[in-house]
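Subject: Structure handover

Dear colleague,

Here is the structure for your files. My notes on the contents follow below it.

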Amino acid sequence: ADATAITIDSNENVGIGTSPSAPLHVKVTEASTGETDPLIRFERFTSGDNAYLDITVDNNNNLIGFQSTGSSDGGFTFGGASTERMRIDASGQVGIGVTGPDALLTLNPPNYTSSVTGGMIRWQNSNNAHDTNIQS
């Protein structure tokens, strides 16, 4: 009902509920969304299956949450240059360098050799006083 619900400025930035200060700026007041309600929802519909990616914000702790839903439980993939680099599957298992993690954390970085500086895993505190490398 508000005539300024959506604003497109002279730089073609879009503001929903606000004047935009970025290419897409969405402002939702707390009264219109709860802690678990999606702030932003992306929906895909294919052959009778709705799949959603919801982005939420916990108003108490300022935590950003990502939730995927649909007829089959999905997960999340992260990649670059059209190559998957990391996956969190539907059961919460994390794989780096593998598309099907078979443990809580599965590591298999591509092109890894034991001669790589830093090893496969490195724990380090902020002043490098405690630095541990794990080789395969």
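The side chains of Arg41 and Asp54 form a salt bridge, with N and O 2.7 Å apart. This is a predicted model, and the distances and areas in this note should be read with that in mind. The pair joins distant parts of the chain: Arg41 sits in strand β4 (residues 40-46) and Asp54 in strand β5 (residues 49-58), 13 residues apart. Is Asp54 buried or exposed? Asp54 has a relative accessible area of 7%, which is under 20%, so Asp54 counts as buried. Arg41 is partly exposed, because its relative accessibility of 45% lies between the 20% and 50% limits.

How many salt bridges does a search of the whole structure find? The search finds two. The other entry is Glu84 with Arg87, where the closest N and O atoms are 2.8 Å apart. Glu84 is partly exposed at 28% relative accessible area, and Arg87 is partly exposed at 24%.

Asp54 also turns up among the contacts of Phe66. Leaving aside neighbours within four places in sequence, Phe66 touches Leu53, Asp54, Ile55 and Phe76. Phe66 belongs to strand β6 (residues 63-69). Phe66 has 48% relative accessibility; the limit for exposed is over 50%, so Phe66 counts as partly exposed.

Three strands make an open sheet with mixed pairing, in the order β1-β2-β3. Its edge strands are β1 (6-8) and β3 (24-26), each of which pairs on one side only. On average, neighbouring strands in this sheet are turned by 10 degrees against each other, direction ignored. The pairing of β1 with β2 (residues 14-16) is antiparallel and runs over three bridges. Which residue of β2 is the bridge partner of Thr7? The partner is Gly15.

There is also a nonpolar patch on the surface. Ile6, Ile8, Ile16 and Leu24 make up this patch, and together they have about 410 Å² of accessible area. Ile8 lies in strand β1. Its relative accessible area is 59%, which is over 50%, so Ile8 counts as exposed.

Regards

Technical notes. Residues numbered from 1 in each chain as written. Predicted model: local features only at pLDDT ≥ 70, side-chain atom pairs only at ≥ 80, totals over all residues. Heavy atoms only, no water. Pairing = 2+ DSSP bridges. Helix = DSSP H or I, 4+ residues; strand = E, 2+ residues; numbered from the N terminus. Axes fitted to C-alpha atoms, helices over the stretch in contact; angles between N-to-C directions. Buried < 20%, exposed > 50% of the residue type's maximum accessible area, 1.4 Å probe, protein only. Contact = heavy atoms within 4.5 Å. Patch = residues over 30% accessible without salt bridge, like charges linked within 9 Å, V, L, I, M, F, W, Y side chains within 5 Å. Areas by Shrake-Rupley, 256 points an atom, 1.4 Å probe, with all protein chains shown as cover. Salt bridge = Lys/Arg side-chain N within 4 Å of Asp/Glu carboxyl O.
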